Amino acid sequence: MRIHIISPSGAIDPTYIHKAAARLSHHGHQVSIAPHACGQYGRFSGTPEERITDLQQAIDSPNIDAILCSRGGY
């Protein structure tokens, strides 16, 4: 399965994202991380435009089977 990790809300410690990616890869999944998943813009992972772009590109990609959000939000 091809899994893409995004952070559509609050910023998160990049260590969590990279550990999750490593664990998923260990279980045989192909993992990619969105460009702004490890970013920070105030308390968010990126500007609204960056976060929307990461999500929309993941939705539109025929090469992604599952989208994993790094954390919840409002």
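The exercises below work through a predicted model of one chain, from its overall fold to single residues.

Residues are numbered from 1 along each chain as its sequence is written. Because the model is predicted, local features need pLDDT of at least 70 and side-chain atom pairs count only at pLDDT 80 or more, while totals for chains, interfaces and linings use all residues, and side-chain values use heavy atoms, with hydrogens and water left out.

**Exercise 1. Describe the secondary structure of the chain and how compact the chain is.**

Start with the elements: the chain holds 2 helices and 3 strands, where helices (H or I, at least four residues) and strands (E, at least two) are DSSP runs numbered from the N terminus. Read from the N terminus, these elements follow the order β-α-β-α-β. The radius of gyration, 12 Å, is close to the 11 Å that the globule rule gives for 74 residues, so the chain is as compact as a globular protein of that length; the radius is taken over C-alpha atoms, and the rule is 2.2 Å times the number of residues to the power 0.38. Finally, the C-alpha trace spans about 35 × 25 × 20 Å along its principal axes.

**Exercise 2. Find what share of the contacts with a separation of 6 or more comes from residues 24 or more positions apart.**

A contact means heavy atoms within 4.5 Å. Among contacts in the chain with a separation of 6 or more, residues 24 or more positions apart account for 72%.

**Exercise 3. Locate Phe44 and Gly46, and decide whether each is buried or exposed.**

Phe44 lies in the loop between strand E2 (30-33) and helix H2 (48-60), and Gly46 is found in the loop between E2 and H2. Buried means under 20% relative accessible area, exposed over 50%, and partly exposed in between (1.4 Å probe, protein chains only). Phe44 has a relative accessible area of 16%, so Phe44 is buried, and Gly46, at 2%, is buried too. Leaving aside neighbours within four places in sequence, Gly46 is in contact with Tyr41 and Arg51. Across 36 residues of sequence, the C-alpha atoms of Gly46 and Gly10 are 8.3 Å apart.
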